[in-house]
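Reader: Hi! I'm new to this one. Could you show it to me and walk me through it?

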Amino acid sequence: MSNEELRMQVTHPTGQYDVLVGANLLPRLRQLAGINGPLAVVTDSNVGPLYAGRIKDAACVITVPAGEQHKRLATIQTIYDELLAANFDRKGTIVALGGGVVGDMAGFAAATYMRGVSFVQCPTSLLAMVDASVGGKTGVDLPQGKNLVGAFRQPTAVLADITTLQTLPPEEFAAGMAEVIKHALIANPELLRRLETGDLRLTPGDQSLISDLQSLIADAIQVKRNVVQEDPFEQGRRAVLNLGHTFGHAVEQVSGYAIRHGEGVAMGLVAAANLSAQLGYCSPGLQRRIEAVLARLNLPTRIPSNLPPAALYRAMGSDKKKAAGKLRFVLLRDVGDVFVTDAVGETAVLATLEDVMDSA
Ligand SMILES: NC(=O)c1ccc[n+]([C@@H]2O[C@H](COP(=O)([O-])OP(=O)(O)OC[C@H]3O[C@@H](n4cnc5c(N)ncnc54)[C@H](O)[C@@H]3O)[C@@H](O)[C@H]2O)c1
Ligand SMILES: [Zn+2]
């Protein structure tokens with residue numbers, strides 16, 4: 001294997017940036033991202049102690065408490081306070097070092113602090129690498145719902161240092177894999193085959209596995225890159241990235257967030273395939289294939305029976321992703337062939353929810 005990082009370019013309405021995927025990128029951040037001015041690292045209480053030290057000569061390190069419950073405006077205020085205390089100005093660059101929660105908050109701080117400063121994404125969770133760090137969406141949650149306040153803000157660079165994945169808890173790794181599977185289903189049949197057969201662990205010192213994971217992550221990023229390039233402000237095609245998410249968000253919400261996002265997405269992918277087959281868009285075999293790959297990657301394939309279909313259906317209606325009052329689903333014709341529709345009736349959705357419910 002080569003120790004070279006893989007590099008992809010993302011173009012957006014006001015420029016372009018590179019996404020780098022490789023080992024040991026953090027110590028070379030300035031050089032790889034081409035930054036000269038002061039750096040303010042924003043990280044969380046899990047990731048900071050492990051990796052903030054790998055970023056040399058930061059002007060300040062701002063550590064926020066870990067967890068989605070802290071992705072809110074009050075935390076943004078503490079980031080502003082610490083940036084001001086460090087005399088951080090518009091010549092500086094914010095470095096988001098952590099999972100998607102840190103990336104969304106540091107990006108939102110970068111979009112708004114002094115009307116905008118540069119920022120670099122250094123995702124350390126698999127989910128943040130393949131999904132959250134690319135595409136320029138930033139923001140926080142409100143008590144009324146997730147991601148209700150935010151801004152589009154493009155990073156200067158994205159550095160996915162895969163060596164950081166060695167400390168990611170296994171259930172978080174699995175959750176990220178749900179989004180990798182989603183990306184494979186949206187646009188990369190070959191990636192799906194690799195997920196179905198490949199060895200996807202990250203064993204310290206095993207260079208061949210590191211290189212497998214590196215190219216797998218790069219392939220997953222590429223799917224997102226191609227979609228966001230086509231539709232940077234989510235006015236059309238970008239909605240396909242919500243494959244599995246109409247069901248998944250409902251599962252998360254009705255479970256009181258006891259089910260993590262990636263797990264909800266996993267169940268949602270099964271439901272999307274079930275609904276697609278029920279409506280005659282794809283063969284029933286596709287659902288079984290998706291279930292097999294999810295199970296292989298330690299993800300659930302059934303909605304727990306304590307989440308009633310009627311409650312899930314109601315929760316779908318409160319999702320901000322619905323279009324003009326109608327529920328919107330991403331359906332599959334085949335692997336690599338998905339489409340968005342708002343023409344699915346309640347009966348069909350409820351039948352799918354019954355069908356993918358855990359019968360045990
Ligand atoms: N902006 C976007 O386009 C976009 C897309 C998808 C998701 N998101 C957001 O991303 C968030 C979810 O991201 P996430 O799954 O990364 O959650 P997260 O940031 O909460 O990280 C998950 C957990 O893993 C820990 N962690 C992260 N990297 C680690 C490492 N290398 N070693 C040890 N522990 C580590 C974190 O501290 C946290 O406890 C949600 O808020 C979601 O809304 C945003
Ligand atoms: Zn998601």
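Reader: Thanks! Which protein atoms are the donors of the zinc ion (ligand 2)?

Author: Glu179 (OE), His245 (NE2) and His261 (NE2) are its protein donors, at 2.0 to 2.1 Å. Donors here are N, O and S atoms within 2.8 Å of the metal (3.2 Å for Na, K and Ca), and water is not among the atoms, so sites may look incomplete. This is a predicted model, where local features need pLDDT of at least 70 and side-chain atom pairs count only at pLDDT 80 or more, while totals for chains, interfaces and linings use all residues. Residues are numbered from 1 along each chain as its sequence is written, chains are lettered from A and ligands numbered from 1 in written order, and side-chain values use heavy atoms, without hydrogens and water.

Reader: What spacing do those donors follow along the chain?

Author: The spacing is E-x65-H-x15-H. Glutamate 179 sits in helix H6 (residues 170-187) and histidine 245 in helix H9 (residues 245-254), so this pair ties together parts 66 residues apart in sequence. Helices (H or I, at least four residues) and strands (E, at least two) are DSSP runs, numbered from the N terminus.

Reader: Are glutamate 179 and histidine 245 buried or exposed?

Author: Glutamate 179 and histidine 245 are both buried. Buried means under 20% relative accessible area, exposed over 50%, and partly exposed in between (1.4 Å probe, protein chains only).

Reader: Switching to the sheet, what is the strand order?

Author: It is an open sheet of seven strands, E1-E2-E9-E6-E5-E3-E4, with mixed pairing. Two strands pair if DSSP finds at least two bridges between them. Strands E1 (6-12) and E4 (60-64) are at the edges with a single partner strand each, so one side of each has no neighbour in the sheet.

Reader: And which strands pair with E9?

Author: Strand E2 (residues 15-22) pairs with E9 in the parallel sense over five bridges, and leucine 20 has leucine 159 as its bridge partner there. Strand E6 (residues 118-123) also runs parallel to E9, joined by two bridges; glutamine 121 is partnered with valine 158.

Reader: How many residues of E9 are buried?

Author: Five of the five residues in E9 (residues 157-161) are buried, so the strand is largely enclosed by the rest of the structure. Ala157, Leu159 and Asp161 lie on one side, with Val158 and Ala160 on the other.

Reader: Last one: how many disulfides are there?

Author: The count is zero, taking a disulfide as a pair of cysteine sulfur atoms within 2.5 Å. For cysteine 122, the nearest cysteine sulfur belongs to cysteine 60, 14 Å away. Cysteine 122 is buried, at 1% relative accessible area.
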